[in-house]
Amino acid sequence: MDIGNLLPWISGLNDDDGGRPLDWRDTRRNRVVFFTHPAGCADCSDYARDLMELRDRLSSWDGDVWLVGETADDLATPSADNVVRVTGDADRRLRQRCGLPPDEARLVIADRWGQIWQTAVADDHHVLVDPADVLETTKWIATQCPECETLDQPIGDWSSVR
Ligand SMILES: [Zn+2]
């Protein structure tokens, strides 16, 4: 789940919300994935709500929100819809398949091909990516040329490049 990697190809796991298969890369939509802390983390619930509130604006840039909580019920709200998908992962199988520790809270922003452009782990102060920046990143991804797309990560000291 590092920048530049692809979302892991996951099959054979069913969403516990209706048994739909989990196809992480199969939406042709840009993807904002938020793995919450285990059930009961109020800060994660607040952050998830912030992301849900962005859904119309994210959707206009081909972005979906995917929330992965302890159980789907923890995060399911009346606003869960085609743009916001909520998945329960009480047994941590999904996290395990993604190579994530069982109890970390992490945000991942990936493009429509599953390539990861931004990721952050909640620290002690529960700082993740500001929701406004989540929207900016999603906009930026949506406007990249698919033919010549490269990761725009500054590497090293460009002032020394001649
Ligand atoms: Zn949390």
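# Questions about a predicted model

Me: In this predicted model, where is the place of R92?
Reply: R92 has a phi near 65°, a positive value in a residue other than glycine, and with 15 other C-beta atoms within 10 Å this residue is partly exposed. As for its position in the chain, R92 has its place in the loop between β3 and α4.

Me: Is D62 buried, exposed or partly exposed?
Reply: D62 is found in the loop between α2 and β2, and although D62 is not a glycine, its phi is positive, at about 60°. A residue needs 20 or more other C-beta atoms within 10 Å to be buried, and 12 or fewer to be exposed. D62 has 17 C-beta neighbours inside 10 Å, and therefore counts as partly exposed.

Me: In what order do the elements of the chain run from the N terminus on?
Reply: The chain has five helices and five strands. Read from the N terminus on, these elements follow one another as β-α-α-β-α-β-α-β-β-α.

Me: Which strands stand at the edges of the sheet?
Reply: The sheet is open and has five strands with mixed pairing, in the order β3-β2-β1-β4-β5. A strand at an edge has a single partner strand, so one side of it is left without a neighbour in the sheet, and this holds for residues 84-88 and residues 116-121, which are β3 and β5.

Me: By how many degrees does the twist average from one strand to the next?
Reply: The strands to consider are those of the open sheet with the order β3-β2-β1-β4-β5. Going from one strand to the next, the twist averages 15°.

Me: Which residue in β4 stands opposite V32?
Reply: Strand β1, residues 30-35, and strand β4, residues 106-110, run antiparallel and are joined by five bridges. The residue in β4 that stands opposite V32 is I109.

Me: Which residue in the turn of the hairpin of β4 and β5 has a positive phi?
Reply: β4 and β5 run antiparallel and are joined by five bridges, and one of the bridged pairs is V108 with its partner T119 in β5. The hairpin that β4 and β5 form has five residues between the strands, and the residue in the turn with a positive phi, of about 90°, is G114.

Me: What angle does the direction of helix α1 make with that of β1?
Reply: Helix α1, residues 42-53, packs on the sheet, where it touches β1, β2 and β3. Its direction and that of β1 make an angle of about 165°.

Me: Which residues on the other side of α1 are exposed?
Reply: The buried residues in α1 are C44, Y47, A48, L51 and M52. Around the axis these cover an arc of only 145°, which puts them on the same side of α1. On the other side of the helix, the exposed residues are A42 and D46.

Me: Which element gives the most to the largest nonpolar core?
Reply: The largest nonpolar core has 31 residues, of which V32, F34, L51, V65 and L67 touch the most other members. Two or more residues of this core come from each of β1, α1, β2, β3, β4 and α5. The element that gives the most, with five residues, is α1.

Me: How far apart are the end C-alpha atoms of α5?
Reply: Helix α5 lies across β1, β2, β4 and β5, running at about 150° to β1. Its twelve residues, at 1.5 Å a residue, should span 16 Å, and this agrees with the separation of its end C-alpha atoms, which is 17 Å.

Me: Within what arc do the buried residues of α5 fall?
Reply: The buried residues of α5 are V134, T138 and I141, and they pack against β1, α1, α2, β2, β4 and β5. Seen down the axis of α5, these buried residues line one face of the helix, because they fall within an arc of 60°.

Me: What distance separates the C-alpha atoms of R95 and V68?
Reply: R95 is found in helix α4, residues 93-97, and its contacts, leaving aside neighbours within four places in sequence, are F35, D89, L100 and P102. R95 and V68 are 27 residues apart along the chain, and their C-alpha atoms are separated by 9.0 Å.

Key:
Residues are numbered from 1 along each chain as its sequence is written. This is a predicted model: local features need pLDDT of at least 70, side-chain atom pairs count only at pLDDT 80 or more; totals for chains, interfaces and linings use all residues. Two strands pair if DSSP finds at least two bridges between them. Helices (H or I, at least four residues) and strands (E, at least two) are DSSP runs, numbered from the N terminus. Axes are lines fitted to C-alpha atoms, for helices over the stretch in contact, and angles run from 0 to 180 degrees between N-to-C directions. Two residues are in contact if their C-beta atoms, placed from the backbone, lie within 7 Å. A nonpolar core is a set of buried Ala, Val, Leu, Ile, Met, Phe, Trp, Tyr and Cys residues joined through C-beta atoms within 7 Å. The expected span of a helix is 1.5 Å times one less than its number of residues. The arc is that of the directions from the helix axis to the C-beta atoms.
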